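Hello,

Here is the structure for you to look at. My notes follow below it.

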Amino acid sequence: MARPDKAAAVAELTEQFRESNAVVLTEYRGLTVAQLKQLRRALSGNATYAVVKNTLSAIAAKQAGVEGLDAQLAGPSAVAFVTGDPVEAAKGLRDFAKANPQLVIKGGVLDGRALAAEDITKLADLESRDVLLAKMAGAMKGKLYQAAYMFTASTAQAARVIDALREKRANEEQAA
């Protein structure tokens, strides 16, 4: 590649590193063009998948301030730049890797923290953000109902005690 082409490629990769909230590095050796197209389609909406040159990617990652990819940039590499939900992108990569063992997840970076391949698998095992938020909202709603019951239970119990005392006095006055 000529020098201006390399500079343009590095600038483009740097921009992608900056715009993404997570990066997953994979090895694609043995995958066909049709399989790569299928993977890109599976990741669409959450990530873009690009085959990259290791040296240009290392330079772009340094310029973007992304640490922890240098050791993983060896052999044929492709990068999934995650702009959507990192959990959904990790699930897409994990599921594709199960169906196509030629795809090897090397590692990545999430929110500035380097991830190993096992960490990405753990991330893929998480439920989606929407499901986790719904579970948290349900738990909070349950606690609010418990608190409301506790507050109303004590006032209702106090009302019953006062009513019982009133009836007892009325009975005592009638007996006397």
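Val82 sits in strand β3 (residues 77-82). Helices (H or I, at least four residues) and strands (E, at least two) are DSSP runs, numbered from the N terminus. The model is predicted: local features need pLDDT of at least 70, side-chain atom pairs count only at pLDDT 80 or more, and totals for chains, interfaces and linings use all residues. Residues are numbered from 1 along each chain as its sequence is written, and side-chain values use heavy atoms, with hydrogens and water left out.

Is Val82 buried or exposed? Val82 counts as buried, at 1% relative accessibility. Buried means under 20% relative accessible area, exposed means over 50%, and partly exposed is in between (1.4 Å probe, protein chains only). Leaving aside neighbours within four places in sequence, Val82 is in contact with Ser20, Asn21, Ala22, Val24, Asn46, Ala47 and Ala89. Contact means heavy atoms within 4.5 Å. Val52 is 30 residues from Val82 along the chain, and their C-alpha atoms are separated by 15 Å.

**Asn21**

One of the contacts of Val82 is Asn21. Asn21 lies in the loop between α1 and β1. Asn21 is partly exposed, with a relative accessible area of 33%. Not counting residues up to four places away in sequence, Asn21 touches Val82, Thr83, Gly84, Pro86, Leu110 and Asp111. The C-alpha atoms of Asn21 and Arg166 are separated by 67 Å, and the two residues are 145 apart along the chain.

**Thr26**

Thr26 belongs to strand β1 (residues 22-27). Thr26 is buried, with a relative accessible area of 0%. Which side chain makes a polar contact with the side chain of Thr26? That of Tyr49 does, at 2.6 Å. A polar contact is a pair of N or O atoms within 3.5 Å; within protein, one must be able to donate a hydrogen and the other to accept it, and residues adjacent in sequence count only if both atoms are side-chain atoms. Beyond neighbours within four places in sequence, the contacts of Thr26 include Pro76, Ser77, Leu93 and Val104.

**Helix packing**

Two packed helices are described by the angle between their axes and the distance between the axes. Axes are lines fitted to C-alpha atoms, for helices over the stretch in contact, and angles run from 0 to 180 degrees between N-to-C directions.

Take α1 (residues 3-19) and α3 (residues 54-64): they pack at an angle of about 50 degrees, with axes 8 Å apart. That makes α1 oblique to α3. Angles under 35 degrees count as roughly parallel, over 145 as roughly antiparallel, 65 to 115 as roughly perpendicular and the rest as oblique. The residues of this contact divide into nine nonpolar, three polar and two charged. Ala, Val, Leu, Ile, Met, Phe, Trp, Tyr, Cys and Pro count as nonpolar, Asp, Glu, Lys and Arg as charged, and the others, Gly among them, as polar.

Helix α2 (residues 33-43) and α4 pack at an angle of about 150 degrees, with their axes 9 Å apart. That makes α2 roughly antiparallel to α4. Gln35, Gln38, Leu39 and Leu43 of α2 meet Ala89, Gly92, Leu93 and Phe96 of α4. By class, there are five nonpolar, three polar and no charged residues.

Helix α4 (residues 86-99) also meets α5 (residues 117-125): the axes come within 8 Å and cross at roughly 110 degrees. The two are therefore roughly perpendicular to each other. Pro86, Val87, Ala90, Lys91 and Arg94 of α4 make the contact with Ile120, Leu123, Ala124 and Asp125 of α5.

Best wishes
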